[in-house]
Protein chains: 2
Amino acid sequence: MILLHKKLWIPGPTEVKEDVLMEQAKPLFGHRSKDFTLLYDSVLTQLREFFKTEQHVLVITASGTIFMDIAARNLITNEGKALCCVNGSFSSRMHKAIIDSGKKADRMEIDWGKAVTVEMIKEKLETSNYEAVTFCYNETSTGVKADLKAIGELLKNYPDTLLVVDAVSSMGGDMLLPDEWGTDLVFASTQKCFALPPGLAIGIVSQKALDRAKTVPDKGMYINLEAILGYYDKKKQTPSTPNISLLTAFDYKLKQMLTEGAENIYRRHKEMADYTHEWALKHGFGLFAEEGFRSVTVTTVDNREKNMDIDALNKALAEKGLVIANGYGPFKGKTFRIGHMGDHTLDGLKELLAAIEEIWEL
Amino acid sequence: MILLHKKLWIPGPTEVKEDVLMEQAKPLFGHRSKDFTLLYDSVLTQLREFFKTEQHVLVITASGTIFMDIAARNLITNEGKALCCVNGSFSSRMHKAIIDSGKKADRMEIDWGKAVTVEMIKEKLETSNYEAVTFCYNETSTGVKADLKAIGELLKNYPDTLLVVDAVSSMGGDMLLPDEWGTDLVFASTQKCFALPPGLAIGIVSQKALDRAKTVPDKGMYINLEAILGYYDKKKQTPSTPNISLLTAFDYKLKQMLTEGAENIYRRHKEMADYTHEWALKHGFGLFAEEGFRSVTVTTVDNREKNMDIDALNKALAEKGLVIANGYGPFKGKTFRIGHMGDHTLDGLKELLAAIEEIWEL
């Protein structure tokens, strides 16, 4: 069906290297075997090492979105409520997941392109009791990042409020220190900065979050944090059959990531982001994300001034074996997005941007 | 980590052929692309063709277990209750999923090894109103199948009762006609009779089930049937990022299955089951599943008379590159299980059984 592969410069799924893909082509083995126990434990151990964390870690066979249901069902009681900071499509989705699960949540709206700040959250926390605060560390729809470290500092003054963070499009590409920053649930999926195919979601869970989960009724089965983490503690396995092929590739990829080193990976992403920002400004585009809060994994270029045709660009890029992303939802056409995450490098990025310059005669 | 691959004669994950595994090693593409729309629609169209159904079909990135949460959250109201027929570990898990989701369910216990029958269900339906009846078409823990067709006939007299069927270990290997038999939710996962790696779950959903779901509040996000099926109707895509690699392999595998033909596949499985049953009896073993209700995809051999050492057997089989499964839970050691599903053939089965004969000097 696919004639020419288009190198993925979209904000996920991102490009997966051939050696990693080949790990998915290995023969299967049973998920109740010693081999699987070793594999799963190796994945979790490497994740703990990469993120310098002693918190609970789990990998669940699903899209990252499942952690929105997990947060709703496990971390918010029937009586309590969450504060959802919404500045894009994915932070909005988290609010919807909580409401659709029959739990309560206040929605704090922030303009798309703007960041949620410590001050905004502080103001809300002073007026009301919240069992959890939710936001995106990196809003994939806008390319805005939050100052997670600073918000974590603030939350240390509110011991009954859990810090729930959607890090889907930056975990593994932008600095994340769950223990030092005090996150309670931070989650992501494999097809972004881990440069793997989609199919697995990763969660890092504090003891405080797990203790909360123990008090919340009706958590269900597949998304029951207590059950999943308890099963791992007891058997170093998963309660139901996991995606063994993708876990095999994940284990392999984490070895590569630990070899490159978290600091080096974060620096590589920052360099790609800086280069893209300069490139956009140089050619008369704007940057959609406000200064100081620009993502290092996805750049949202503001196209409203120049009004270039993004669909036509992608058609021309396709012939060169490349693809970028249009703007998201209401900002389709008005912005376009370049995902520079995972295994991408500055050299590759320069080739992409040169191709765009050529097509648009910039 | 894995030195010698052991051919999987366990009741899932089952053996995956190399050409199918290689489909998982293809380069990625975006899940909001035309390519993905074509892929996902092709998978669902082929599933509908294989199962001769005009019902709704969905494929969700998860283990099959997620459909237990889906049933609990979507098909049972807060006021109503389900009847769960429990004759093994997986039918029991369904009951637990409903209770753990805060919904009500009566549990009808049946001895492991025995089948749930039309009469048993009829008796219960005459005494109480049930919004759903749940059971396993094929209990993986015991090798017992249900007479789904006959139970479906019965349920046609109870239009307010949904027929919810766990077909995880037999969908694609044993005859299943959702429309003719009147199932409302029947679900499975990829690592059993579809002979794929685990990571995707498949559901076939009647309009009646979807109509029920529309009346049930608090369904959540990731497992919301209405949302998932609605998204497909509108965009022929999935609401969140699916496992593209595994869907690519699924599409490829379904083509192979349609080429072989459902009837031929079912016959091949029946032949393997018959051969295994005869082999067990010939060598003085019993069959754990009662006569008339023996699975065609997994044979549970009763080892209580001969009391052979299953762990030692598997150690010896491993040296020959083979593996079978021990009995499940309370029947570990007392039974052992041979999964003859997916791409396995009678010739391969004969080799396996000959290897067991040699090791045990039967």
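A residue is called buried if 20 or more other C-beta atoms (placed from the backbone) lie within 10 Å of its own, exposed if 12 or fewer do, and partly exposed in between. This is a predicted model, where local features need pLDDT of at least 70 and side-chain atom pairs count only at pLDDT 80 or more, while totals for chains, interfaces and linings use all residues. Residues are numbered from 1 along each chain as its sequence is written, and chains are lettered from A in the order in which they are written.

**View 1. Here is G172(A) and its surroundings.** G172(A) has 28 C-beta neighbours inside 10 Å, so it counts as buried. Look for it in the loop between strand 8 (162-166) and helix 7 (178-181) of chain A; helices (H or I, at least four residues) and strands (E, at least two) are DSSP runs, numbered from the N terminus. Leaving out residues up to four places away in sequence, G172(A) touches A188(A), C193(A), F194(A) and M257(A). Touching, or contact, means C-beta atoms, placed from the backbone, within 7 Å.

**View 2. Now G172(A) with M257(A).** These two sit 85 residues apart along the chain, yet their C-alpha atoms are separated by 8.6 Å. Across chain A, 71% of contacts between residues at least 6 apart in sequence join residues at least 24 apart.

**View 3. This is where chain B meets chain A.** Here 55 residues of chain B are in contact with 55 residues of chain A. On chain B's side, helix 3 gives the largest share, four residues.

Conventions:
Two residues are in contact if their C-beta atoms, placed from the backbone, lie within 7 Å.
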